[in-house]
Amino acid sequence: MLQSSSTSRSSHPLDRPLHRRAVTGSEVSLSAFVLLFGELVQLHQTTSSSVPEFEAALSKSGWEVGSRTYLMNANVKVREIRVLGVLQFLSSNVWMSLFNKKADSLEKSLNSESEYMIHDSNPLPTIFCEVPKTLGSFNPSSFVAGIIKGALETAGFGCEVTAHRVEEGEGNRTVFLVNFCREVMEREEAFA
Amino acid sequence: MSKSSSSTRLGDLAWSKSPKTSSSLFTLTYGVLVQHLCSSQTPSLEVNASLRKIGQNIGIRLIDDYISKTSLLSPNSPQQCTSFINTSEAISKVGLKMFLGITADVRVDSENSYTLILSSNPLADFVELPSSRSDLQYSNVLAGCIQGCLESVGFEVEVTIVKDTVWGDEGVEVKVEGKGRKKEELEGGFKDE
């Protein structure tokens, strides 16, 4: 009796170390992830009827990943309350934990106070991904846009995030446009 | 014994050469996939079947990756799965290591079946099944994957998850039962007219 209760307790997620480093490796092979992601994309493709719906579904999946990653990495003692702070946390810590690198750059848009841009070259979902012509403007990076939205909204920063592919010489660069909602900007002004 | 250590070495080598990504991204993405399948009140039985199908799709592609990488890394002694029992070695020491970074122990149950014992479940790090989904085979994609791989190299198999960390077990046990060799069949389009 005792034995069985201790067994079930030891395997409860809350009793295991959050970061796998201690248990197994902290990494899996890229092929395993890419194939899994491919299946997720196919699943959404079969259930959605249009490109925007498809992107929204993929972004919603990303939201769940982003939200959890934020919670896993967030500093429990000091919570980010400023826009720039949370964006820096996102483009370094969250990016590091998911993609093993930092985002290439973080910029403030010149057009609007509430707009920020995160640049990333070769974001993970676009590797090995060829968008057929029939899908037109579909961008697999909407998954990452969802991750950003999920992390920011869980941190208390309501926003809209869109992914844009930038055609530029070699490789492909993706810009994630983060547009914070009005309440967040009002709060930000109150801090300033 | 020597064969066993050569497989371990091959697995380590393949792991060190393959490009990697963070395991939390992998685990969370898989979680989202399962969540999506479960979202619309789909009965667990159907979700289990979908997960297996997804696993098979992945397995069919992984085996190509596996064969190309292992034959590159050890051109002199390719890891050939000549018999059904041999495949246990290839899966536990090379395949799992190469793709998930873990190895498994093998328990040979009979001539036609063996059990892979994984000490942890990389798919279910943060997972707790609600009581309404206690019949969900969360890691079925792993079973599907192994099935897809083995069927691609001509083994008819039945793969079942016997124990899983999400059910409160210490580790994961995957039972692989051989059902003989697969018959080579030509697709309809390739038949002689």
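## Chain A at a glance

Read from the N terminus, chain A runs α-β-α-α-α-β-β-α-β-β-α, which gives six helices and five strands. Helices here are DSSP runs of H or I with at least four residues, strands are runs of E with at least two, and both are numbered from the N terminus. This is a predicted model, where local features need pLDDT of at least 70, side-chain atom pairs count only at pLDDT 80 or more, and totals for chains, interfaces and linings use all residues. Residues are numbered from 1 along each chain as its sequence is written, while chains are lettered from A and ligands numbered from 1 in the order in which they are written.

Of the 192 residues of chain A, 36% count as buried. Buried means that 20 or more other C-beta atoms lie within 10 Å of the residue's own, with C-beta atoms placed from the backbone. Among contacts in chain A with a separation of 6 or more, 56% are between residues 24 or more positions apart; a contact needs C-beta atoms, placed from the backbone, within 7 Å.

## The sheet of chain A

Four strands of chain A make an open, antiparallel sheet in the order β2-β3-β5-β4. Strands pair if DSSP finds at least two bridges between them. At the edges stand β2 (105-108) and β4 (159-167) of chain A, each with a single partner strand, so one side of each has no neighbour in the sheet. From one strand to the next, the twist averages 20°. Angles run from 0 to 180 degrees between N-to-C directions, and axes are lines fitted to C-alpha atoms, for helices over the stretch in contact.

Four bridges hold β2(A) and β3(A) (residues 115-121) together in the antiparallel sense, and Ser105(A) stands opposite His119(A) in β3(A). Two helices pack on this sheet. Helix α4(A) touches β2, β3 and β5 (172-180) of chain A, with its direction at about 155° to that of β2(A). Helix α5(A) (residues 142-154) touches β3, β4 and β5 of chain A, with its direction at about 150° to that of β4(A).

## Where the chains meet

The contact between the chains takes 34 residues from chain A and 37 residues from chain B. On the side of chain A, the elements giving two or more residues are α1 (2-10), β1 (27-29), α2 (30-47), α3 and α4 (83-99). The largest share, 10 residues, comes from α2(A). By class, this side of chain A has 16 nonpolar, 13 polar and five charged residues. Ala, Val, Leu, Ile, Met, Phe, Trp, Tyr, Cys and Pro count as nonpolar, Asp, Glu, Lys and Arg as charged, and the others, Gly among them, as polar.

Strands take part too: three bridges join β1(A) to β1(B) (residues 20-22), and the two run antiparallel. Here Ser29(A) has Lys20(B) as its bridge partner.

## Helix against helix

Helix α3(A) (residues 51-73) packs on α2(B) (residues 23-39) at an angle of about 135°, with the axes 9 Å apart. The contact of α3(A) with α2(B) has four nonpolar, six polar and two charged residues.

Within chain B, the axes of α3(B) (residues 44-73) and α5(B) (residues 140-152) come within 6 Å and cross at roughly 45°.

Terms used: Buried ≥ 20, exposed ≤ 12 C-beta atoms within 10 Å, placed from the backbone.
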